[in-house]
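These are my notebook entries on a single structure. I set down what I looked up, in the order in which I looked.

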Amino acid sequence: MTADAHDPARERLRRWRLVLGGDAADGTGHALSGRDAAMDGALTALYGKGDRPATGRDRSAGLAASAPSVARWLGDIRTYFPTSVVQVMQRDAIDRLGLSALLLEPEMLEAVEADVHLVGTLLSLGKAMPETVKETARAVVRKVVEDLEKRLATRTRATLTGALDRSARVHRPRHHDIDWNRTIAANLKHYLPEYGTVVPERLVGYGRAGRSVKKEVVLCVDQSGSMAASVVYASVFGAVLASMRAVDTRLVVFDTAVVDLTDHLDDPVDVLFGTRLGGGTDINRALAYCQSQITRPTETVVVLISDLYEGGIRDEMLKRVAAMKASGVRFVTLLALSDEGAPAYDREHAAALAALGTPAFACTPELFPEVMAAAIERRPLPVPDTV
C-alpha cells in the first residue's frame with residue numbers, strides 16, 4: 001500500500017494521474033515515483049501520449065521494435081498488471097506497434113502471456129514462421145488449447161450427453177431411465193381421481209445414446225483473418241465432440257478453398273496448424289462439401305461459423321441452406337464463437353438466413369454447449385437478446 005492510500009484526496013489524484021498519463025503531473029499536481037512511475041512508463045511505451053497512436057518517434061522511444069526492449073517490457077507489465085490486463089496490452093502492442101514479426105523469435109514467445117488472441121496471431125503468421133520457432137509456437141498453442149479444454153470440456157460433455165439421451169426416447173426403459181415428466185404427460189387419460197394418481201400404462205424413457213452413433217455434427221468454420229478466435233474455439237469444441245461416442249463429428253475449414261480436418265480432431269493443435277488464416281471466403285463451396293458428407297439428414301446438425309461475407313455465389317449458398325433444412329438437417333449459423341461478441345458481418349446475408357428460419361448470432365464459448373444441446377433436441381435455440 002502506498003503512503004497516498006492513507007490520504008483519500010491524494011489517492012484520488014494518484015489514480016487520476018495514472019489514468020491521464022502524459023508529461024509532468026498532467027494538471028493534477030501529483031508527480032509519480034517508484035512503482036507508479038514504472039507502471040506509467042510501461043503504459044506510455046505502448047500507448048504514447050494522450051490518445052494518439054504510438055507511431056513514428058513515439059514508437060521508437062517506447063518499445064523501439066527490438067527484441068531486448070520488448071522482452072523487458074513484457075516482463076514489466078507482467079510484474080505490474082494482472083493477467084487479464086497483460087493479455088489486452090499484448091494484443092494492443094501487436095496491433096498498434098506492428099510487433100508480429102518479433103513473435104517469430106523463440107525467446108519472445110517464451111516471454112508472452114499466452115491466450116486465444118496470441119494463438120490467432122501465431123496462426124496468421126503461417127508460413128512466415130521459421131523452423132526454429134515452430135516448436136516453441138506449438139508449445140504456446142498447446143498450453144492455450146489445454147487450458148481451454150479444462151475450462152470447457154466437462155460442461156460440454158455433460159450438457160450434450162443429457163441432450164443426446166433425451167433425444168433417444170424408448171418405451172421400455174429401465175427404472176432409472178424413465179422420463180417421469182413425459183411418462184405422466186403420456187398417461188394423463190389414465191388418471192384416477194379417487195386415488196389421486198396416474199396409472200402409467202406406457203412408459204417413456206431416456207435412450208442410451210452412448211451405445212452407438214446417434215447424431216452427426218458438422219462444424220463448418222470460416223478461416224478468414226477476422227475469425228481467428230472462432231477457429232481456436234471451434235477446434236477445441238470439435239475435439240471434445242469427437243471424443244464422445246454418441247456423436248460423429250466432422251470439422252471443415254474454408255476460405256476460397258475447403259479443407260476437411262476431421263482426421264486431426266484427436267489433437268486440436270494439429271487442427272489449428274492445419275488452418276490458414278486470411279484470404280477470401282467461399283461459403284457456398286464449403287456448404288456444398290458439407291452437404292455431400294451428410295448421410296442421415298434428420299440426425300445431423302450443421303454449424304456454420306462465419307461473418308457471412310460471401311465471395312462465392314450468394315443465391316446458391318442460400319438455396320443450399322434451404323435444401324439442407326428441407327431434408328431435415330438442423331442448421332445453425334454463428335457469426336462468431338468467441339468472448340468478444342459479433343464482429344462486423346454481412347447483415348443482408350444474416351437477414352436472408354433468418355428468413356429461412358436460421359437466425360445468425362454471436363455465441364460465447366460458455367453458451368455453445370447449450371446451443372448444441374438445443375439443436376440436437378430440436379428445441380428453439382438460446383439466441384441472445386442482443387440479436
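The entries below go from conventions to the sheet, then to salt bridges and the surface.

**Conventions.** I worked on a predicted model, in which local features need pLDDT of at least 70 and side-chain atom pairs count only at pLDDT 80 or more, while totals for chains, interfaces and linings use all residues. Residues are numbered from 1 along each chain as its sequence is written, and side-chain values use heavy atoms, with hydrogens and water left out.

**Sheet order.** I took helices (H or I, at least four residues) and strands (E, at least two) as DSSP runs, numbered from the N terminus. I counted two strands as paired if DSSP finds at least two bridges between them. I then read off an open sheet of 6 strands with mixed pairing, in the order β7-β6-β5-β8-β9-β10. The edges are held by β7 (258-260) and β10 (360-363); each has a single partner strand, so one side of each lacks a neighbour in the sheet. I noted that neighbouring strands here are turned by 25° against each other on average, direction ignored. For such angles, axes are lines fitted to C-alpha atoms (for helices over the stretch in contact), and angles run from 0 to 180 degrees between N-to-C directions.

**Strand β6.** I looked next at burial, where buried means under 20% relative accessible area, exposed means over 50%, and partly exposed lies in between (1.4 Å probe, protein chains only). Of the 8 residues of β6, 6 are buried, so this strand is largely enclosed by the rest of the structure. With β5 (residues 215-222), β6 pairs in the parallel sense over 8 bridges, and Glu-216 stands opposite Asp-248 in β6. From β5 the chain crosses through helix α10 (residues 228-242) to β6 in a right-handed β-α-β crossover.

On its other pairing, β6 (residues 247-254) meets β7 in the antiparallel sense over 3 bridges. A hairpin through 3 residues joins β6 to β7, and Phe-254 stands opposite Val-258 in β7.

**Strand β10.** I found that β9 (residues 330-337) and β10 pair in the parallel sense over 4 bridges, with Ala-362 of β10 as the bridge partner of Ala-336. Together with helix α14 (residues 347-355), β9 and β10 make a right-handed β-α-β unit. Which way do the side chains of β10 point? Ala-360 and Ala-362 point one way and Phe-361 and Cys-363 the other, and all are buried.

**Salt bridges.** I required a side-chain nitrogen of Lys or Arg within 4 Å of a carboxyl oxygen of Asp or Glu. By this rule I count 18 salt bridges. One of them joins the side chains of Arg-138 and Asp-270 at 2.6 Å, N to O. Arg-138 lies in helix α8 (residues 131-167) and Asp-270 in helix α11 (residues 268-273), so the pair ties together parts that are 132 residues apart in sequence. Arg-138 is partly exposed at 23% relative accessibility, and Asp-270 is partly exposed at 30%.

A further pair is Arg-250 with Asp-260, whose closest N and O atoms are 2.5 Å apart. Arg-250 lies in β6 and Asp-260 in β7, so this pair ties together parts that are 10 residues apart in sequence. I recorded both as partly exposed, Arg-250 at 24% and Asp-260 at 25%.

I also noted Asp-282 and Arg-285, which meet in a salt bridge at 3.9 Å, N to O. Asp-282 is buried at 15%, whereas Arg-285 is partly exposed at 47%. Salt bridges that share partners join Arg-151, Asp-339 and Glu-366 into one network.

**Surface.** I searched for patches among residues with over 30% relative accessible area and no salt bridge, joining like charges within 9 Å and nonpolar side chains (Val, Leu, Ile, Met, Phe, Trp, Tyr) within 5 Å. Accessible areas come from the Shrake-Rupley method with a 1.4 Å probe, and for residues only the protein chains shown count as cover. Trp-16, Val-19 and Leu-20 make a nonpolar patch of about 340 Å². Val-19 has its place in helix α1 (residues 8-20) and is exposed, with a relative accessible area of 61%.

Technical notes:
A crossover is right-handed if, with the strands pointing away from the viewer, the path from the first strand over the helix to the second runs clockwise.
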